[in-house]
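User: I'd like to learn how to read a fold like this one, feature by feature. Please start with the strands.

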Amino acid sequence: MTDHDSQKAAREAAAAFIQSAAEAAPEGAGAAAATDTVSAPEATSADMSRDAAAVPGDDRPGNAPAASTVAAAAADGGVAAAAPSQSAPSAGEASAATASGPAPAAPIAPEPPLPLTSPAVAYGTVDAAKAQGGKRGGGALAVVITLAIIALVATGAVAYLFTSGFFAQEAPTQTQRVALADNRVEAAFNELALEMPDISRFAYVSQDSLIGPKFSDIAIGEPVNLGVSGQTVVQCTATATATYKNKGVEITMPVTLPFEYSETSETWIPGEATCGEQTATPLTPAAAGDIMDNLNAILAAHDATYSEAMAGASVVKTSTDLTTDGGPLTVTLSKQAQTQVDGKTVNEQRTSVVTLNVSWSNNEGWHVSVHNAGQIDYDTEQPADSENKDDEDKDKDDPTAGNSPASVDARANTAPDKLGEVYYGDSVSLSGTLRALGSSSALAQGNGHSNGSLSADADGRVQLVLELARPLELSINGTAYRLSYVAVAVAGLDDNGQGLVGRSADVQGPLEESFATSWSPIGIKALEIHVE
């Protein structure tokens, strides 16, 4: 419907309302005049005296009731009075009315009949009755007309406002023709070219390439109309969790991807993704070997004096309870140095135990701090000059000294490395020369240990012998040992390590009871071998 049609309909309704009001007005006004506004004409003094002479109940023509009496009777009896122009009843009509009424009273002596005249002659000229309620009736009609006009104007105004959209509430435009499906959202996430997280900032964590992202926890929000009237823009936001990982760490981050509906292609178009804060979770404990390689820097950051005294010290034992939650790491350090005592150069053995604390940081990876740097123990041995002279004499007396793998070099038996109490599973780092398995009796003699219940090669699990550069003092299961040789298991090498025989090496790995032999109470599982 147009504005013109709405306004025309409103005017026709108002005109019909006014017409019905006008047709109802005369009927109501006439009733009001008949009951409220008609009054008897004023009686003259002659009329009044004649009324006074009339005897009630007399049915003679001269005794007709006055107009005022008729009017009063009409008012009291509820009968409408005659119109102002109606004449008084005749004498015959009055006699008939009297005869039909109740029995008359006792007769009164007749009097000469009065001349019959019309009410107008008897009572004077009667003007047309004026409706006293005429003003009130006219005012009501004026009010009705005024209200009709107001209603007409209001109806037109309301019709205009409705047609102009003033009261209309903009309904959401149903532009979504195709629902945003889960597989569409998943495909859009998988097509994202997100930047790989930087794992170089994570210390003591595997630096292998990350695999990912893999998206999970995908959620799709409700479509939202972001446009205005005549310009509809419908968007929908999806969220997911992106996961990257290698064998050492898992990195997750929230990703938000907006979609906008295209009416032309009737599909959802993905927008630019937004990535949230990354959360890193360790999958394996900290790499203890990497921590040992950086031990000097860790000690220097804790105590420069301590670090200088133990600079270049070798790690002879590592005891760790590291998990993916971190934990303690205990390291035994040993260092040999020369110093001046009473003007003579002497050998000095320095030993210390350091306890480290390892904890995880979401931004830095594994954080290593010094929990306790123990006191440094100093062992002073014979002067270096005398030691050298004695060594030369021994070489002259025994030209084969040091050539046999089963021999015990006197120089290696000085200034031992002291591990103290050790447990199976502790990691150690030992230096010396790798040898092939020789005479088990010679090896047992060099270690001062023999166990006939075990084989010389631990039932094939031991392939090499490490002839220690310095004796190793330790205690295991309550028994103290001073060892010159340690069994080494290198299973997994192509030639079982035979190509390393005769090479100076640093061997790192845990102590294993299963690698114990008839000549060595402990064996080391070689995880790392550094040869010179």
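Analyst: Two strands pair if DSSP finds at least two bridges between them. The strands themselves (E, at least two residues) and the helices (H or I, at least four) are DSSP runs, numbered from the N terminus. Here, β15 and strand β16 (residues 479-489) run antiparallel and share nine bridges, with L464 standing opposite V488 in β16. In the hairpin they make, two residues lie between the strands, and N477 has a positive phi near 55 degrees.

User: Before we go on, what am I looking at, and how are things counted?

Analyst: It's a predicted model, in which local features need pLDDT of at least 70 and side-chain atom pairs count only at pLDDT 80 or more, while totals for chains, interfaces and linings use all residues. Residues are numbered from 1 along each chain as its sequence is written, and side-chain values use heavy atoms, with hydrogens and water left out. For the overview, the protein has 12 helices and 19 strands.

User: Which other strands pair with β15?

Analyst: Strand β13 (residues 417-421) pairs with β15 in the parallel sense over four bridges, and there D417 is opposite L472. Strand β14 (residues 427-436) pairs with β15 too, antiparallel over five bridges, and L434 is opposite L466.

User: Why is β15 called largely enclosed by the rest of the structure?

Analyst: The idea to have in hand is burial: a residue is buried under 20% relative accessible area, exposed over 50%, and partly exposed in between (1.4 Å probe, protein chains only). For β15 (residues 464-476), 11 of the 13 residues are buried, so the strand is largely enclosed by the rest of the structure. Across the whole protein, 29% of the 532 residues count as buried.

User: How many residues lie between the strands in the hairpin of β8 and β9?

Analyst: Six, and within that hairpin G326 takes a positive phi near 95 degrees. The strands, β8 (residues 314-320) and β9 (residues 327-341), run antiparallel and are joined by six bridges. T320 stands opposite L329 in β9.

User: On to rings. How many aromatic pairs are there?

Analyst: Rings of Phe, Tyr and Trp (its six-membered ring) pair if their centres lie within 6.5 Å; planes under 30 degrees apart are stacked, over 60 edge-to-face, and the rest tilted. By this rule there are four aromatic pairs. One of them is F202 with W360, stacked at 6.0 Å centre to centre with 15 degrees between the planes. This pair links distant parts of the chain, 158 residues apart: F202 sits in the loop between α7 (182-190) and β1 (211-220), and W360 in strand β10 (residues 344-361). F202 is buried at 2% relative accessible area, while W360 is partly exposed at 23%. Another pair is Y261 with W268, edge-to-face at 5.1 Å centre to centre and 65 degrees between the planes; both residues are buried. Ring pairs also link F202, W360 and W366 into a cluster.

User: Is V153 buried or exposed?

Analyst: V153, in helix α6 (residues 134-163), counts as exposed at 55% relative accessibility.
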